[in-house]
Amino acid sequence: MNRYIVVASVLALAVTGACSDSSSGGSSGPKKITLIQGIANEPFYISMYCGAKAEAAKQGVQLSVQAPAQWDVAQQTQVVTSVAASRPKAVLIAPVDKDAMAGPVRQLAGNGSKVIFVDTDLSDPSLGLSRISSDNRLGGQLAARTLAGQIGDKGKVVVLAPKKGIATTDDRVTGFKEEIAKHPNIKLVSEQYPGDDAGKATEIMNGELSKDPDLAGIFASNLVTGEGAGAALKQAKKTGTVKLIEFDASPKQVEDLRAGTIQALISQEPLDIGRQGIDQAVAALNGKPVTKQIKTQLVAVTKDNVDQPDIAKYLYKQNC
Ligand code: T6T
C-alpha cells in the first residue's frame with residue numbers, strides 16, 4: 001500500500017479525533033497530545049488509539065494520531081520529525097527500534113514535549129517519563145508453556161519475530177526461550193526474523209515446514225508474523241497438526257482461533273495501554289507524579305474461553 005495514502009488516512013482520523021476531543025479547555029485551548037503508533041492501520045495500535053481517544057475526551061485534552069505505513073525506522077523518524085516541529089505538549093510513542101529511535105525521541109523531548117512510551121520503549125532508561133506495556137517476557141513464557149501443553153511437552157518448535165531490536169518482541173523471544181529450556185524434550189530448531197511482513201513470514205515458514213516435516217509447533221511473537229505463519233500452515237495443509245501460538249488478538253486472529261488454525265492467542269490490553277498513556281501524559285502536564293513503569297495484563301485466549309465475558313476486553317478492534 002502507498003505510504004502516503006496510509007499516513008494521510010491516519011491524519012484524517014486524527015482530525016476527527018481532534019474535533020471530538022477538544023470539547024473543554026481554558027482560554028489557551030485544550031492541551032495537544034500526539035500518539036505516534038508503531039505502524040498504521042493495524043488492530044493492536046487501532047485499539048490503543050481507541051483507548052487513548054476515549055480517555056483524552058474524558059480529560060479534556062486534544063489527541064491526534066500519526067504513524068508510519070510500515071514498521072520502519074526511517075519512516076517513523078520522518079513522522080517524529082514532523083510531530084516534533086509541531087511541539088505538542090506531550091507525545092505517546094511506540095518506538096519501532098529500541099536503539100535507533102533514541103535520537104528522534106531526544107528531539108521530541110528537546111522540543112519540550114513530555115514523552116511517554118506506549119507498548120515498545122527504548123534501551124536508554126533516561127528517556128521517557130513513563131513506560132506502559134505488557135510484561136512481554138512473561139508473555140513469552142506463557143506462550144512457551146501453552147505451546148508445550150499443546151504438543152504433549154515434546155517435539156521441534158520454531159519462533160518467529162519481526163526483527164531484532166524491538167523492545168517488546170525481543171522480550172517475548174527471551175521469555176519463550178527461557179521457558180522452553182525447562183522442557184528437555186522440546187527442541188527449538190529455528191529462530192526467524194522475517195521483518196514485520198506477513199508475506200515474508202509465510203515464505204520462511206514454508207521453508208521451515210519442508211526442512212522439518214515433523215515440526216510440532218510455532219510461536220509467532222506478534223500479529224503480523226502470526227498472520228504469515230497461519231497462511232503457511234494453510235498452504236501446507238498442516239493446520240491443527242502443527243500447533244500455532246500467536247501474540248495478539250486481531251479480528252482475523254480470533255477467526256483463525258475459532259477455525260482451529262491457531263491454538264492460543266497471548267493477548268494484550270492495548271485499550272488500557274492507550275488509556276493509561278493519556279493519564280500519565282496529563283499527570284506530567286499538570287506537574288503531578290508519574291509512574292515510571294506500568295505493566296498491563298496479558299491472557300492466553302483459546303477456543304474454550306474466547307466467548308467468556310471477561311475475555312472481551314482482550315480482543316482487538318478494527319475501528320473505534
Ligand atoms: O504485538 C503488537 C505490539 O505489542 C508489538 O510491539 C508490535 O507488534 C504488534 O503491534 C502486533 O503487530
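This is a predicted model: local features need pLDDT of at least 70, side-chain atom pairs count only at pLDDT 80 or more; totals for chains, interfaces and linings use all residues.
Local features are given at pLDDT of at least 70 and side-chain atom pairs at pLDDT 80 or more, while totals for chains, interfaces and linings use all residues. Residues are numbered from 1 along each chain as its sequence is written, and side-chain values use heavy atoms, without hydrogens and water.

Rolling a probe the size of a water molecule over the atoms shows where empty space is left. A cavity is a set of points, on a 1 Å grid over the protein atoms alone, where a 1.4 Å probe fits but cannot get out; its lining residues have an atom within 4 Å of a point. Its volume is the space filled by probe spheres set on the points. Two cavities of 30 Å³ or more are found in the whole structure.

The largest cavity has a volume of about 120 Å³. Its lining comprises 14 residues, and Tyr 45, Trp 71, Asp 119, Arg 172 and Asn 222 lie nearest its centre. Helices here are DSSP runs of H or I with at least four residues, numbered from the N terminus. Helix H2 (43-59) and helix H6 (167-180) each contribute at least two lining residues, and H6 gives the most, with three. Domain bounds come from an automatic or database domain assignment. Because domain 1 (13-133 + 271-294) and domain 2 (136-267) both give residues to the lining, the largest cavity lies between them.

The second largest cavity holds about 60 Å³ of space. Among the residues that line it are Leu 223, Gly 226, Glu 246, Lys 252 and Ile 262. Two or more lining residues come from each of helix H8 (223-235) and helix H9 (251-259), with H8 giving the most, four residues.

A polar side-chain atom of Thr 168 lies 2.7 Å from a ligand oxygen atom, an N or O atom in the side chain of Asp 248 is 2.6 Å from an oxygen atom of the ligand, and for a polar side-chain atom of Gln 268 the distance to a ligand oxygen atom is 2.9 Å. Taken alone, the ligand exposes 300 Å² (Shrake-Rupley method, 1.4 Å probe), and the protein buries 99% of that.

Conventions
On a 1 Å grid over the protein atoms alone, a cavity is a set of points where a 1.4 Å probe fits but cannot get out, and a pocket is an open set with protein on both sides within 12 Å along at least five of seven lines; lining residues have an atom within 4 Å of a point. A polar contact is a pair of N or O atoms within 3.5 Å; within protein, one must be able to donate a hydrogen and the other to accept it, and residues adjacent in sequence count only if both atoms are side-chain atoms.
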